[in-house]
Amino acid sequence: MRPDAILLDFGGVIADAPPQRSAPPALVLRIYNLAKGVLSPGEIQRSLTDGAVKYAEWRDEDWPDELSQTEVWERFVLPGWPPAAQVPVRGAVRHLSYDWAWRDNWELRPGIPEAVQTAYQADIPLAIVSNTLSGAAHRDFLRKTGLNPYFAVQIYSDEAGVRKPNPQMIWNATDELGVPPESCWFVGDSRRRDVACARRADVARAILMPSARTAKEPEEPTPDDTVCDGHELCALIAKTL
């Protein structure tokens with residue numbers, strides 16, 4: 001059945017990058033300069049790395065709401081820092097969050113441009129629905145790759161104030177598109193977040209596109225379809241046209 005819209009996750013579906021073991025060097029340098037050397041680069045990197053682990057553990061819980069960028073820094077990075085380092089970081093949270101979310105080695109997943117173009121040419125609206133610390137970083141990557149014009153709507157958790165698997169993320173997108181969720185597809189790489197979110201939002205078809213992260217999750221809930229990449233997604237779309 002032809003969908004009224006297709007909603008896609010960003011990380012693991014549109015683009016992916018190898019796991020990042022340490023904090024981005026550009027982010028460490030920016031904080032070091034902001035703090036005027038109060039903390040060493042090594043101390044900053046350890047705080048960011050440890051903070052990322054704690055934030056990831058928090059994200060693995062079934063929280064309905066998203067933390068603001070400021071709350072992420074206050075809860076997971078800044079505790080224990082001297083005031084001379086905390087104050088300038090608080091004043092630059094938006095830019096620092098962008099640097100933390102951005103990946104220089106993001107690459108489009110195979111077949112994604114073809115899948116996006118197939119849907120767009122068939123007048124099937126497209127939307128991004130993604131959990132992230134900085135939606136601005138994702139938008140800039142889409143502009144960089146030339147895919148930005150294909151997406152009618154982009155919903156990011158840092159802007160929406162909620163995060164998947166809260167179905168409000170999907171409903172925000174379908175409300176903006178003006179289509180009922182039960183006539184849409186949702187494509188994600190996480191059973192815990194994306195498939196669960198699709199089920200809660202009552203979308204027509206929950207599609208799993210496994211990434212390196214998928215194997216670490218429980219096998220439930222199960223998707224309606226599984227595609228290995230954008231090429232298979234493109235073929236699935238083509239069958240409805």
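A: The largest pocket has a volume of about 1500 Å³. A pocket here is an open set of points on a 1 Å grid over the protein atoms alone, with protein on both sides within 12 Å along at least five of seven lines, whereas a cavity is a set of points where a 1.4 Å probe fits but cannot get out; lining residues have an atom within 4 Å of a point. Grid points are joined across faces, edges and corners, and a volume is the space filled by probe spheres set on the points.

The model is predicted, so that local features need pLDDT of at least 70 and side-chain atom pairs count only at pLDDT 80 or more, while totals for chains, interfaces and linings use all residues. Residues are numbered from 1 along each chain as its sequence is written, and side-chain values use heavy atoms, with hydrogens and water left out.

Of the 45 residues that line the largest pocket, Ala56, Arg59, Arg103, Arg193 and Arg213 are the closest to its centre. By class, this lining has 17 nonpolar, eleven polar and 17 charged residues, where Ala, Val, Leu, Ile, Met, Phe, Trp, Tyr, Cys and Pro count as nonpolar, Asp, Glu, Lys and Arg as charged, and the others, Gly among them, as polar. At least two residues of the lining of the largest pocket come from each of strand 2 (15-16), helix 2 (41-59), helix 5 (93-101) and helix 10 (191-201), and helix 2 gives the most, with eight residues. Helices (H or I, at least four residues) and strands (E, at least two) are DSSP runs, numbered from the N terminus.

The second largest pocket has a volume of about 170 Å³, and its lining consists of Gln20, Pro24, Pro25, Ala26, Leu27, Tyr98, Asp99, Trp102, Arg103, Asp104 and Asn105. Helix 1 (25-34) and helix 5 each supply at least two residues of the lining of the second largest pocket, with helix 1 giving the most, three residues. By class, the lining of the second largest pocket has six nonpolar, two polar and three charged residues.
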